[in-house]
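The sequence and structure are shown first.

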Amino acid sequence: MSRSRADRQADAPRRVAEPPAVPPSLPPSATHAGVAWCGTLSMLAACGAINFWWPFDDIAYLALIVMACAALGIFVPDLLWQKVHRRTLGDAVNAPDPLRVATKYIGVIASVACIALIYWLLPEYYRGDGFYGHYYTAMRVLLAPWAVVAPFYIWWVDRRLPAPRDSLWQVGRLVLGRWGGLDARVIWQHLLGWLVKGFFLPLMFAYFCENLNTLLHYDLKKLTTASGFYEWAYFFMYFIDVSMVSMTYLMSLKATDTQIRSTEPTGAGWLAALVCYQPFWSLINKQYIDYDSGVGWAATLGNVQIFGIPWLRDLWGVMILLLVAIYVWGTIAFGARFSNLTHRGIITNGPYRFTKHPAYLSKNLSWWLVSMPFVVNGSIGETVRRCVLLASLNLIYYLRAKTEERHLSLDPVYVRYADWIDAHGALRAFDRIPVIGALARWRPTFRTYTTPVPGQAP
């Protein structure tokens with residue numbers, strides 16, 4: 001007996017309609033833009049104040065004052081307005097545990113002692129009166145009060161942590177020889193985080209002291225000429241960059257939700273970042289990527305005049321300053337969360353609302369504009385050689401960007417952010433360009449997904 005068509009359709013498996021794909025949304029930024037700018041303005045106000053009244057002769061003391069003002073400008077609105085401490089510290093209060101607090105204190109002392117041992121051991125650092133002299137002066141000022149305040153801070157934070165047995169506790173247990181229940185991955189991440197602080201803090205603080213001293217003695221009469229204004233603006237924007245960065249490496253605290261959440265776990269990521277900084281950059285730049293022709297762009301382009309005015313030179317200088325401004329804007333957007341090789345919160349506002357790597361992109365483009373005179377000065381072969389060398393430096397920053405993407409992608413918030421940029425980013429038109437589009441879209445991932453390592457040290 002044949003079945004009707006209606007019967008056959010009724011028995012056929014029904015196709016369930018899939019829900020429409022939810023478009024990616026932009027996650028909120030870990031730092032509010034207003035808070036970040038408040039810190040920058042506080043830092044600049046402090047610089048203006050000490051320009052008229054210097055309470056100390058040593059530039060290291062003045063640098064600490066400026067950094068303290070920058071930190072206050074960020075943390076006061078962050079805590080009172082944004083209430084960022086609620087992200088890390090729970091509402092419930094743990095029972096007091098003096099033994100756990102003492103173990104954490106031993107862990108933080110051991111971490112500082114480990115960095116001090118490296119400074120004593122390596123010739124780059126043990127000459128205290130050299131490049132890092134101001135840094136050691138600052139440490140002599142800070143370490144004693146820090147050692148006194150640290151136990152009380154650890155006690156206060158410990159009572160409010162949802163998981164109080166963090167990396168400090170594990171390192172303390174390791175030092176005490178109580179190895180049961182320790183997690184080697186957590187301890188390794190803790191040590192990597194302190195290596196980042198130990199390497200970048202003295203470097204950035206030394207640069208900051210040099211730049212602050214230059215700013216306080218700057219001859220403002222130079223601003224009366226176009227070239228003088230360009231030099232001052234270029235220097236001043238990089239001064240803002242290094243001043244804010246110096247503060248962020250020092251102020252890594254759970255109480256303000258600026259702690260290190262995870263540190264770059266791969267050698268490739270560390271290598272791509274460290275070659276861009278001293279003392280490694282001197283060797284890499286001089287021996288392998290020296291693309292500078294020694295001819296200044298202003299002198300070259302100043303010869304091109306329209307109606308007796310060097311329009312091309314002035315326009316070129318404005319473009320360089322705009323790119324540097326975007327780069328510094330990228331630093332400011334982090335507030336107190338900036339740090340190479342670490343994840344301290346995903347930033348999605350400021351220039352990061354338009355592209356994932358605005359700082360790297362603008363800095364590398366500015367180098368091309370600054371270095372373009374070698375295109376018009378010299379032979380074709382020399383021009384090609386220098387272009388290849390500069391492109392090699394761009395490649396290093398591309399690798400930095402991609403290793404950072406791979407590291408940050410361990411956080412689902414960054415994955416959402418990257419998906420939103422892919423759909424709405426200002427540079428998505430370049431996705432259609434062969435090779436460039438593929439390189440921009442490529443997002444490397446670890447072979448196995450692992451959650452961010454919790455419990456980084458304050």
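In this predicted model, helix α14 (residues 311-333) packs with helix α15 (residues 358-371) at an angle of about 155 degrees, and their axes are 8 Å apart. Because angles over 145 degrees count as roughly antiparallel, α14 is roughly antiparallel to α15. The notes below take up this pair, then the core, then the loop residue.

**Helix pair α14 and α15**
- The two helices, α14 and α15, cross in a left-handed sense.
- On the α14 side, the residues that meet α15 are Trp 316, Met 319, Ile 320, Leu 323, Val 324, Ile 326 and Tyr 327.
- The α15 side consists of Pro 358, Ala 359, Ser 362, Lys 363, Leu 365, Ser 366, Leu 369 and Val 370.
- Sorted by class, the contact of α14 with α15 has 12 nonpolar residues, two polar and one charged.

**Nonpolar core**
- The largest nonpolar core holds 107 residues, and Phe 200, Phe 205, Leu 212 and Phe 239 have the most contacts inside it.
- Helix α9 (residues 184-216) supplies the largest share of this core, with 14 residues.
- Setting aside neighbours within four places in sequence, Phe 200 contacts Tyr 249, Leu 274, Tyr 277, Asn 340 and Leu 341.

**Loop residue His 357**
- His 357 sits in the loop between β2 (342-343) and α15.
- The relative accessible area of His 357 is 17%, so the residue is buried, the cut-off being under 20%.
- Not counting residues up to four places away in sequence, His 357 touches Ala 401, Glu 404, Glu 405 and Tyr 414.

Methods: Residues numbered from 1 in each chain as written. Predicted model: local features only at pLDDT ≥ 70, side-chain atom pairs only at ≥ 80, totals over all residues. Heavy atoms only, no water. Axes fitted to C-alpha atoms, helices over the stretch in contact; angles between N-to-C directions. Helix = DSSP H or I, 4+ residues; strand = E, 2+ residues; numbered from the N terminus. Parallel < 35°, antiparallel > 145°, perpendicular 65-115°, else oblique. Left-handed = near helix turned anticlockwise from the far one by under 90°. Contact = heavy atoms within 4.5 Å. Nonpolar A, V, L, I, M, F, W, Y, C, P; charged D, E, K, R; others polar. Core = buried A, V, L, I, M, F, W, Y, C linked by side-chain atoms within 4.5 Å. Buried < 20%, exposed > 50% of the residue type's maximum accessible area, 1.4 Å probe, protein only.
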